[in-house]
Amino acid sequence: MEKYEKLEKVGEGTYGKVYKAKDKATGQLVALKKTRLEMDEEGIPPTALREVSLLQMLSQSLYVVRLLCVEHVDSSLKSNNPSPDSASAFATSNNGKSNLYLVFEYLDTDLKKFIDSHRKGPNPRPLPPTLIQSFLYQLCKGVAHCHSHGVLHRDLKPQNLLLDKDKGILKIADLGLGRAFTVPLKSYTHEIVTLWYRAPEVLLGSTHYSTAVDMWSVGCIFAEMVRRQALFPGDSEFQQLLHIFRMLGTPTEKQWPGVSTLRDWHVYPQWEPQNLPRAVPSLSPEGVDLLSLMLKYNPADRISAKAAMEHPYFDSLDKSQY
Amino acid sequence: MEFDLENPFTSFEEHQSDTLLDLFAIESDHMPSHNFIQYLKITDFYVSLRQEAVSLALQIQFSCNFEPFISYLAVTYLGRFISRQEIPQRKPWVLRLLAVSCISLAAKMKNTHFPLSKFQGDQELIFDAQTIHRMELLILDALNWRMRSITPFSFLCFFISLFEPKDPPLTQALKDRATDIVFRAHSEIKLLEFKPSVIAASAVLLSSHELFPLQFPSFKTSILSSDYVNKEDLPKCFDTMQEMVETDGCESILITLSSSRTQFSVVDYKCTKSESQQITNSSITTTTMMPERREIKRRKMNGFLQ
C-alpha cells in the first residue's frame, strides 16, 4: 500500500471505508475501498476469492467503476510483498487480521451530489430531460451488464452512481460483494443504510429475490432525477413500506400473488393508488410509462434492464454513442 | 456462486449470448504473457518447469480425487504465474509450493474442500497451511485476482451450437470428445500460444473430424465464417492438435465415453492399448464408433486444409 498516498476519507461504502488517494508513481487519483478480510484456517475465504474475481471481470464495462487492482495487506506482517524465494516470509505467522484494498478509478462526483446541486445552491434548476434520459440509459446498461453476469447490486442509490461530468458518463459503484458480504442494515459506523431505494419484496422479508430488486431501485432513482427529491423517503422499514403503499396503493393478492404470505407482511391501511404522473410532473408520458413498469409490485412483472433499454422512452436517444 | 469453467461469468441462462462477445474480447488477459510464450520457444528450462508443475498438479488431483477441472484451473494459474514471476532454479520446493497453492486456489473457486492432510504421507508436498496461504496471496497478487479463468471450455458450447444436425446425442458426443481433447491439450507446450477460443474451435473440429467426418467440411465452413474466431491461427492450431492426438499412441477416443469421462482425465492417456480395448468392449457406444474411427485412421490425414 506504500504505492498510494491517502488524501482524504471520501465516504463509507456499504462494506467499509473509502479513501481518495494518489498513486505515487503515476499521480493517478484512485478510490481505495478498504474491506476487512476474515482469515481463518482456510486462508483467503473462498467466497471473497470468488466475488473479488467476479468484480474484477465485471469492471470491464464502461458503465461499471473500474477495479484497477487489489492489494492485500496483512497487518501482522512488516512487509506485504515478500519475494517468492525468501523462505522466511512464508514462515511468518498470519493471525487473521488482514485487509483487502480494492483500488478503483476515482470520479469526483456522484448522482446524489449532482441532484443536490440542482436543488439547492446558487442556481436551483431541473436536470435537463435529455441528461436524465442519458443517465437512465447508462444506468440500465450497467445494470443489464451486472445481471447478465449473474450479479445483483442490491444497493443501488444515487450515492453509488459516480459521474464523469465532462464526458457525461455514469458508472455504477459499490457492487459485487453482494453475497460474501451480505448487505447490512447498518454500515460499519452504525450509519443507517438508506432504505429509500429498497424493493418492497426485500422490505417484506422475501428471501428469494432476484434482478427485479435492482430495477425497483432504478425506478426510484429515475423519479428522483426528475423530482430532485426522493420518491419514497422512509426512515424505517415499516415507514418505507407505508410511503410506497401510499403512492402506489396497498398491494393486493391479485396484483402480486403471494404478497400476503411474505415473512414481514402485516395488515396495512388500504390505500388506493395515487396518480403517478403527478409525482413526476415534468416527465413525458413515455417516461411515466417506463417508470410505472419499473415500479410494478410483482417482481415477475417488473421490467428488466435489457427490456427497459428498448422502451419507447429512449426512442429519441442516440443509442449508438453508448 | 461456484465458478463454472463453461460459464465463467455465472450468467443467467437468458443472458449467455450477451456475454459471449465479452469472452472473446478479454480472453487474452487470461493467457500466459506473450513474451513468455516467445521465451518458451528458445529455452528448455521453462518447458520442463511447466511440465513438472503440471504433473504435480495432476498428482494432487489424483490423491484428492478431485474433478479434472480443478487441476485444469490450477494449471492455468500456474502457467500465468510462472510467465510473470521469476522462479528460482535452485529451489525446487518453490515449484512444489506453487503447485499445491494453485490447486488450493482452484479448489476454492470450485467450492471444493482441499484436504491438506492428504499429503501427510508425501514428504515432498508437505507445507504448513500458513505457508500455502502466503503463497496463495502472492499468486493472487501476480494474477491481479483474475481467477475466473477464461478457458477453452467457456467456448465449447458456442462452437458446438454451429454444428448441424442439432441432434442432442451427437452434439453431446462431440462435446465429450472435445472436452477430452482440451484436457489433453493443456500439457502440450506447442498449443500454449493459442487463445482459448482457438483451442476450443480446433478441439470441436477435430472431434467432428473423428466422429462425424461427413459433417466436418460444412462444420469447418461455419466455424470459419463466424466473426469471432481467429482464422489464421485456427488451421495452425488444428494441425498441431491433430498431430498431438495422432501421436498419443492410445485410442484416446475411448475417453469420449461420457460415463467414464470424470475418471479418465489427462493422466489416463498413458494407458496401454490393451487396457483401452477392454473398456471399449464393455461399452455399446464405443463399439459402434470404432469402425468409423478405424476408417479415419486408415485415411492419410493431410491436415486442416485438406
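Colleague: What is a salt bridge, as the term is used here?

Modeller: A salt bridge is a side-chain nitrogen of Lys or Arg within 4 Å of a carboxyl oxygen of Asp or Glu. By that criterion Lys157(A) and Asp155(A) are joined through their side chains, with an N to O distance of 3.4 Å. This is a predicted model, in which local features need pLDDT of at least 70 and side-chain atom pairs count only at pLDDT 80 or more, while totals for chains, interfaces and linings use all residues. Side-chain values use heavy atoms, with hydrogens and water left out, residues are numbered from 1 along each chain as its sequence is written, and chains are lettered from A and ligands numbered from 1 in the order in which they are written.

Colleague: Are Lys157(A) and Asp155(A) buried or exposed?

Modeller: Buried means under 20% relative accessible area, exposed over 50%, and partly exposed in between (1.4 Å probe, protein chains only). Lys157(A) is buried because its relative accessibility is 11%, and Asp155(A) is buried because its value is 5%.

Colleague: Which parts of the chain does the pair Glu105(A) and Lys171(A) link?

Modeller: Helices (H or I, at least four residues) and strands (E, at least two) are DSSP runs, numbered from the N terminus. Glu105(A) and Lys171(A) form a salt bridge at 3.0 Å, N to O; Glu105(A) belongs to strand S5 (residues 97–105) and Lys171(A) to strand S8 (residues 169–172), 66 residues apart, so that distant parts of chain A are linked. Both residues are buried.

Colleague: Where do Asp233(B) and Lys236(B) lie?

Modeller: Both are in helix H11 (residues 233–246) of chain B, three residues apart, about one turn of the helix, and their side chains meet in a salt bridge of 3.7 Å, N to O.
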